[in-house]
Amino acid sequence: TIFYMGINLGALMSPFLAGYAAVTYGYRYGFLVAAVGMIICSLLFQTLGDKYLGDIGKHIKKDVRTMNDTVPLSKEEKDRIKVIMVFVVFSIFFFAGFEQAGSSMTLYTEKYIDRTIGGFEIPTAWFQSVNPIFIILFSPLMTILWQRLSVRGKEPSIPTKMSMGMILLGIGFSVLYFAVLQRGGDIADENVKAHILFIIFTYMFHTFGELCLSPIGLSMVSKLSPVKLASLMMGVWLLSSFFANLLAGTLASYTNRLGAGTIFFFISVFSVLMGFVLLGLKKWLIRYSHGVL
C-alpha cells in the first residue's frame, strides 16, 4: 500500500501541471510539461540513485529454485496459478469500469457537471487528481484498519477484499447514475448541470474499491506465484490492464449512442453482480490456494 501511495503521489501532481498547461496554453504545452517532467525524473534518478539506493537492485541474487527450470510444477503450484487467473478475470472487469475515468466520466464531467466554485471554473483535467488525493489520504487508514482487524482475527480474506472492491466500484457508478437523474436524464438540456459532489463521491467510492483490489492483487500474485514464474505471473496480472482498457474503450464508445446514464447504470449493476460472484467463489479460491489466502 505504501508502494501504491508513492505511485499516486506523481499521479496527483501531473494533472494539475499538464492539465493547466494544456487548458491555458494548448495541448502541445501539456505534452511538453509531461516530457520535461519525465526527463527531470530520469536525471534525478541517475544522479541521486547511488546516494540513496546504494547497491539495491544492482546485483542479481541467484536462487536455486528459480534456476532449475526442468523441475515440473507441483499440483499445488498449478492450483495456485488457476486462482491467479480467476483473479485476473475479475481484475479485467474492475478496471474496465474504473478506467472510464479517462473517457466517459471525464467527458461527462466536462459537459454536465457544475465545476464552478466561487466564480472559478475548475479545469476538467484537474479531476484526474481526485483519485490520487483520496488514495494518499485513505491508504494509511485502510492499512490501519486491516492491521487492527488482523490482530482481532477478523481481517477479511483476499477474495472478500477484492469482491468488496468490485461492489464499491458499482456503488460509485450508481452515484454517477443519480447525477444523470438529477439533471433529468440523458435527454435533459445541456445547460442543466449536476452538482460537483456527485463526481467527487464517485471517485471516492472508486478509490476505496481500488484500495481493496489493486494493491491487494499485487500482494496476492506475489504470494501465490511459483518462485520461478513470479515475474511472469506478475506480468500476466498487469496484462489484465491491457484487456481492461480495450473493454473500457468499447464501453465508452457506446456512451453517445446509448446515453451516459445507461452506461453508468450497466457498469454499476454488472460490477456489484461480479462482486457477489467473486464472493461466492471464495471457498473454492481459498481451497485451491492451499493455505496462502
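**Exercise 1. Find which backbone oxygen lies 2.6 Å from a polar atom of the Ser 225 side chain, and describe the surroundings of this serine.**

Step 1. The model used here is predicted, so local features need pLDDT of at least 70 and side-chain atom pairs count only at pLDDT 80 or more, while totals for chains, interfaces and linings use all residues. Residues are numbered from 1 along each chain as its sequence is written, and side-chain values use heavy atoms, with hydrogens and water left out.

Step 2. Ser 225 is placed in the loop between α8 (196–224) and α9 (230–253), where helices are DSSP runs of H or I with at least four residues, numbered from the N terminus.

Step 3. Because its relative accessibility is 9%, Ser 225 counts as buried; buried means under 20% relative accessible area, exposed over 50%, and partly exposed in between, with a 1.4 Å probe and protein chains only.

Step 4. Once neighbours within four places in sequence are left aside, Ser 225 is in contact with Ile 84, Ala 230 and Met 233, contact being heavy atoms within 4.5 Å.

**Exercise 2. Decide how the rings of Phe 94 and Phe 98 are arranged, and then treat Trp 284 and Tyr 288 likewise.**

Step 1. A search of the whole structure gives 19 aromatic pairs. Rings of Phe, Tyr and Trp (its six-membered ring) pair if their centres lie within 6.5 Å, and planes under 30 degrees apart count as stacked, over 60 as edge-to-face and the rest as tilted.

Step 2. The rings of Phe 94 and Phe 98 have centres 5.7 Å apart and planes at 20°, so this pair is stacked. Both residues lie in helix α4 (residues 75–98), four residues apart, which is about one turn of the helix, and both are buried.

Step 3. For Trp 284 and Tyr 288, the centres are 4.5 Å apart and the planes at 25°, so this pair is stacked. They are about one helical turn apart because four residues separate them in helix α12 (residues 282–288). Trp 284 counts as partly exposed because its relative accessibility is 27%, and Tyr 288 counts as partly exposed because its value is 23%.

**Exercise 3. Name the two residues that touch the most other members of the largest nonpolar core, and say which element gives the most to this core.**

Step 1. A nonpolar core is a set of buried Ala, Val, Leu, Ile, Met, Phe, Trp, Tyr and Cys residues joined through side-chain atoms within 4.5 Å.

Step 2. The largest such core has 59 residues, of which Phe 87 and Met 220 touch the most other members. The elements giving two or more residues to this core include α4, α8 and α9, and α8 gives the most, with twelve residues.

Step 3. Not counting residues up to four places away in sequence, Met 220 touches Ile 84, Phe 87, Ile 158, Trp 237 and Leu 293.

Methods: Polar contact = N/O pair within 3.5 Å; in protein donor to acceptor, adjacent residues only side chain to side chain.
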